[in-house]
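Please look over the sequence and the structure below before reading on.

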Amino acid sequence: MSIKSSAIATPQALLPTTSSRSGLWWGLLGVLAFSFTVPLTRVAVADLDPLFVGAGRAVVAGVLAIVMLSVTRATLPTLRQWLRIALVTVGAVLGFSLFTTFALQTSPASHAAVVIGLLPAATAVFAVVRGKERPSPGFWWASAGGAVSVVGFVAVANGGLGSFHLADLLLFAAVVCAALAYSEGALLAREIGSWQTIAWALILGLPVTIALTVASMAQAPVSADTNSWLSFAYLGCVSMFLGFFPWYRGLAIGPISTVSQTQLVQPVLSIAWSALILGEALSPSIMAGGVVVIVCAWLALKARVAAPRAVSARDAPTAAVGSEKRPAAEGTAM
């Protein structure tokens, strides 16, 4: 792979977040791509080993990343950036994909989609910690409302708070992993570009994902029908790679905590796809949960989120340099 080294490059200061509506539209495009992930994972694991699906799709995406980085002669991240890319790898490439894949062995796709509705609130928390954003009280009320409605849905669907299943715990773990990866990836996207962030994360995880894929193939023969293979192809090409192009771009434009709330509509879309693709019934509780999360998303998007602390005068020149370089980094994102 032909790449340029950035070992001696001066790190760029993070760009302040903006309130541009374009971030919301990019985020919604990413959400649309991700909304097929849960039902198509359900289709794939019907014939394929869940470990093969969870790790193998990351291998497919990793190969695409190598090709794209080679063609564009992308610059190598700095050591500090590699450490942060590792968080994206652990969260998005390994944690979320593996946890959701194993959970969907037993959990209905519509149920899993609503549980994953906790993700926007979790991402907002990480955005406050890492991005230094300051959401308004109204934002937190709306996000908390969405999170509470999700927990309530799980309790009702399972017969009470004391009857949470292993699949629910796996889905909650997936939410934490994804929230970490989204917030850290958004900050990285402002420095190295949106698609470059997920591409380097996929490549960093290839030794692990290849090993897990080979181990799965050694334990069980890989045999599936056309629908399962098509679903697997979508998971590898779109859910694990192309979908992150608009998603990280939207989060990078930010504010992260606001754009992340667009993902509250993902459970509604996933439920609709589950009904169309899998024929799953739309119970009143599922439909009620969908209405609640849409309302919470609308309220959260209308709430104000203050930008991170302004860059000091001493750092102004560095920030200015970063501002000039940002369009170039994002110019190849789409």
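In which helix is V67 found? V67 is found in helix α3, which covers residues 50-72, where helices are DSSP runs of H or I with at least four residues, numbered from the N terminus. This is a predicted model, in which local features need pLDDT of at least 70 and side-chain atom pairs count only at pLDDT 80 or more, while totals for chains, interfaces and linings use all residues. Residues are numbered from 1 along each chain as its sequence is written, and side-chain values use heavy atoms, with hydrogens and water left out.

Helix α4, residues 79-103, has 25 residues and spans 35 Å from its first C-alpha to its last, close to the 36 Å expected at 1.5 Å a residue, the expected span being 1.5 Å times one less than the number of residues. At G95, α4 bends by about 35°, an angle taken between axes fitted to the seven residues ending there and the seven starting there.

R84 and E184 meet through their side chains in a salt bridge, at 2.8 Å from N to O (a side-chain nitrogen of Lys or Arg within 4 Å of a carboxyl oxygen of Asp or Glu). Because E184 lies in helix α8 (residues 166-192) and R84 in helix α4, the pair ties together parts that are 100 residues apart in sequence.

The mean pLDDT of the protein is 77, and 73% of its residues reach 70 or more, pLDDT being the predictor's confidence in each residue, from 0 to 100. Over residues 5-19 the pLDDT is below 50. Where pLDDT is low, the predicted coordinates should not be read in detail.

Definitions and conventions:
Helices (H or I, at least four residues) and strands (E, at least two) are DSSP runs, numbered from the N terminus. Contact means heavy atoms within 4.5 Å.
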